[in-house]
Amino acid sequence: MNGAPKLARVEAGGRMRLAATGAWTGAFNREIEQLLAGPLASTLAGSGATVIDASGIAALDTFGAWRLERLVRQQARSGANLAVEGLPQRFAALAANIALTNQTSAPPPPRAPGLLCAISDVGQAVAGIGSDFVSFTNMLGAIGAAAGRMLLQPSKFRLTSAVHQLDRVGLQAVPIILLITLLIGGIIAQQGFFHFRRFGAELYAVDMTGILVLREIGVLIVAIMVAGRSGSSYTAELGSMKMREEIDALSTMGFDPVEVLILPRIVALVLALPILAFLGAMAALVGGGLMASAYGGMSPAAFIVRLREAISLTHFEVGMIKAPFMALAIGVVAAMEGLKVGGSAESLGLRTTASVVKSIFLVIVLDGLFAIFFASIGM
Amino acid sequence: MTAPVISVRELRVGFGAADVLRGLTLDVLGGEILGVVGGSGAGKSVLLRAIIGLVPLRAGTIEVLGTKMSSATDAQKRAIERRWGVLFQQGALFSSLTALQNVQFPMREYMQLSERMLGEMAVAKLEMVGLHADDGRKLPSELSGGMTKRVALARALALDPDIVFLDEPTSGLDPISASGFDQLIRTLQQTLGLTVFMVTHDQDSLSTVCDRIAALAGGQVVALGTLEAMQASRHPWVEAYFKGRRR
């Protein structure tokens, strides 16, 4: 529509004038940059007083207006007196407005040198472990206190909410948990038969599958899946409630968010995880049995007989005792991370990731501690 | 400056079984501030969202800056989208970017500017909407309601658009901030030669900044013209709205 911006030298009456024409708009920003960085700059520096004749400018937007204003200020700083004259009336208001901006130079963003940044990041991460521990115990305490109040006044417990959560984290998780544990049980049995066959100890594959599934793998796999499936959703739910000030609204109405939102979720999780772990262990044994007959050539009846010889109730108890503690760890981490969400979408993602990573880590650490404990009491 | 920059013809838009807009026809003239009023659910915001292409049309045409939006190619649509700015009701600032980065975002995408120029231009825009350069470092969650609207307006103006769409620009602001915002819109409209399409509930905005007012009821424009024309209208809703209160 309009021609490209131009800046031409015009000598008139001993004074040097620069005639600006064309469209000084953002669409021509490259041309404008070149015009102002070109030989003109040196010309300007050499001459004393100069005038830009702007009467030929056909279009001007904030970008063009700022480039002109910037040029004037640059010249003023180097002692030269540059004036823009004859700007068409319709652009006058814009130019006047732009002249008011950027008066104070924008504060430079605080930037630390790279190495210092890295050291400070490491320091903050280490301090973060400490503050994580504090907020974990804090949340655990708040939940414990809320649970205590519920014991004194059971009618205040949010049963509907807890049952709804139980449906979500328990019942709805059953199909996927059964499928995954069935496959894991099958894989363990297959590996057992494959390796034990070489020294004729095929029968012991059943022992290994049974003990491993009941004591460790069953509950561990289920807890990790629940952390990924339900822990993350708790964090995201609580986090978005925090973002939209729903949690603040609750507390101003005299409700304790821990009582209303967090306790029912934790209770649901603590009830659901042992049930899921039990179902998972059974499915894994079924998977092991199927693999025994398909791959190991062992009839289901023989598998069951061998399994009864190999395992005892102790193995089952060891597995099941761990489940509620893992559920508590997942729930507390999910709630604590959820309440740490700030105002931005980014922090919601960050906290959800942190929740899953930390709760899986905690689940594995707990499993290790339990292994030491049970070994030392001879279970 | 009187050619229509937006022309809406026989527009039908609806959700589910019901039509919200039933054969709506409206022209927005170049360089004017058009205020759109209507009761809750009259389809004001739907009309705005239909024009900027966020809701599918059932029938009718929308022409923006001479381009028919329904038959435009993607490239043509992009070109038109560069020439308008939208201020959403809640601001819709990107929550993980600072105020300054929010304003820089469209510039960074569409203009090849040096980092230094980007910074200076964004500060200029922030200062033009009445903020300080220091405010640029704040995150959207740290801004007050009025400041959020101002940053959102600065972002809408980032590319020096021809048309600005404002969805309830003064809702949620106290009367003093609201009138300040009205003045700001007026000033910017005059300095930058904008065409403003403004959905509003605010009677003061209507009387102080709008050149023309379009009243929506029953999915159609039932009255169109200056404030005086509105006050003279015989349509029951328009009568109730403009005569029910002072003036």
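## About the model

The model is predicted, so to speak of local features a pLDDT of at least 70 is needed, side-chain atom pairs count only at pLDDT 80 or more, and totals for chains, interfaces and linings use all residues. Residues are numbered from 1 along each chain as its sequence is written, chains are lettered from A and ligands numbered from 1 in the order in which they are written, and side-chain values use heavy atoms, with hydrogens and water left out.

## Where chains A and B meet

Let's start at the interface. Here 25 residues of chain A are in contact with 22 residues of chain B, contact being heavy atoms within 4.5 Å. The two chains bury about 2000 Å² between them, with 59% of it on carbon and sulfur atoms; buried area is the accessible area (1.4 Å probe) that two parts lose on being put together, summed over both.

The rule finds 1 salt bridge across this interface, where a salt bridge is a side-chain nitrogen of Lys or Arg within 4 Å of a carboxyl oxygen of Asp or Glu. Its partners are E120(B) and R70(A), whose closest N and O atoms are 2.4 Å apart. On the chain A side, α1 (29–37), α3 (62–77), α4 (89–99) and α13 (345–376) each supply at least two residues that touch chain B. Of these, α3(A) gives the most, with 5 residues. Helices here are DSSP runs (H or I, at least four residues), as are strands (E, at least two), numbered from the N terminus.

## Salt bridges within the chains

Over all chains, a search of the whole structure finds 28 salt bridges. In chain A, K156(A) pairs with E259(A), the closest N and O atoms being 3.8 Å apart. K156(A) lies in the loop between α5 (114–152) and α6 (159–169), and E259(A) in helix α10 (residues 257–294), so the pair ties together parts that are 103 residues apart in sequence. K156(A) is partly exposed at 40% relative accessible area, whereas E259(A) is buried at 12%; buried means under 20%, exposed over 50%, and partly exposed in between (1.4 Å probe, protein chains only).

In chain B, R83(B) forms a salt bridge with D162(B), with 2.7 Å between the closest N and O atoms. R83(B) sits in the loop between α2 (74–82) and β6 (84–87) and D162(B) in the loop between α5 and β7, so this pair ties together parts 79 residues apart in sequence. Both count as partly exposed, R83(B) at 37% and D162(B) at 29%.

## Residues worth a look

S355(A) is found in helix α13 of chain A and is buried, with 0% relative accessibility. Not counting residues up to four places away in sequence, S355(A) touches G231(A), T235(A), V333(A), A334(A) and E337(A).

Helix α7 of chain A holds L178(A), which is partly exposed at 31%. Leaving out residues up to four places away in sequence, L178(A) touches L279(A) and A283(A).

Chain B has two backbone points to check in your viewer. D160(B) has a phi near 50°, a positive value in a residue other than glycine, and lies in the loop between α5 (145–156) and β7 (163–167). E168(B) also has a positive phi, about 50°, although it is not a glycine; E168(B) is in the loop between β7 and α6 (175–192). Both are buried, D160(B) at 18% and E168(B) at 10%.
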